[in-house]
Amino acid sequence: MSSMDDTRISRKNPGLISTFKIHNIILGILFFGLFLRLLNLGKKSLWLDEAFNLAVVKSGIKALWSKTFETHHPPLHFILQGFWIRFGETEFWLRLLPALFGAAAIPLLYVFAKKLAGKEAAITSIGLAAFSPLLIWYSQEARPYSFVVAVGMAAMMAALNLFQK
């Protein structure tokens, strides 16, 4: 197809080309955000607080509710991590679930920001979130931080939907 044909296509339906490019930009940001969260995920050994998190998870739900461990983090994360470790306990595997939650927060942010401020603001928001060193750092720890971010984004979307009705 020549450049002359491209010009005709874009003149016939200019929205199609720009929509296609915008979707590619969004997907690129999402995949690159996931890539950054998975990069070197299992390279370092567990930190003390990550090892404590594993001890809490291994002790089971009863120990979590009986206050055997003094933790101020959401119990749902420990419950999910308890199911997660059934498939492995390597550094990479323990940090994979939080990395996936960190990556899931990006499209949630896109939907929230698009409803609140429009497509341009949403693309800018996910670009900042995908490349944020702080969000990447906490997504690579076997701790509940990225879980809280993802659940917080979902809660903000729910609240926005509730108040817009």
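User: Let's start with histidine 77. Which helix is it found in?

Analyst: Histidine 77 belongs to helix 5, which covers residues 75-84. Keep in mind that this is a predicted model.

User: And how do I read its accessibility: is histidine 77 buried or exposed?

Analyst: The general idea is a cut-off: a residue is called buried when its relative accessible area is under 20%. Histidine 77 has 0% relative accessibility, so it counts as buried.

User: What does histidine 77 touch, once residues up to four places away in sequence are not counted?

Analyst: Five names to look up: Asn53, Pro98, Arg143, Pro144 and Phe147.

User: OK, zooming out. How many helices and strands does the protein chain have?

Analyst: You'll find 9 helices and 0 strands. Going along the sequence, the pattern reads α-α-α-α-α-α-α-α-α. For contacts between residues at least 6 apart in sequence, 71% link residues that are at least 24 apart.

User: Now the cores. Which residues have the most contacts inside the largest nonpolar core?

Analyst: General idea first: nonpolar side chains tend to be buried together in soluble globular proteins. Here, the largest nonpolar core holds 15 residues, and the ones with the most contacts inside it are Ile26, Ile29, Leu109, Tyr110, Phe112, Ile123 and Ile126. At least two core residues come from each of helix 2 (14-38), helix 6 (91-117), helix 7 (119-131) and helix 9 (145-164). Another core of 9 residues lies apart from it, with Leu96, Leu97, Ala99 and Ala150 among them.

User: Last one: where is confidence lowest, and where is it highest?

Analyst: Think of pLDDT as the predictor's confidence in each residue. Helix 1 (residues 3-12) is lowest with a mean of 47, while helix 8 (residues 133-139) is highest at 97. Residues 1-10 have pLDDT below 50, and that stretch makes 4 contacts in the model beyond near neighbours in sequence. The chain average is 87, with 87% of the residues scoring at least 70.

How values were computed:
Residues numbered from 1 in each chain as written. Predicted model: local features only at pLDDT ≥ 70, side-chain atom pairs only at ≥ 80, totals over all residues. Heavy atoms only, no water. pLDDT = per-residue confidence, 0-100. Helix = DSSP H or I, 4+ residues; strand = E, 2+ residues; numbered from the N terminus. Contact = heavy atoms within 4.5 Å. Core = buried A, V, L, I, M, F, W, Y, C linked by side-chain atoms within 4.5 Å. Buried < 20%, exposed > 50% of the residue type's maximum accessible area, 1.4 Å probe, protein only.
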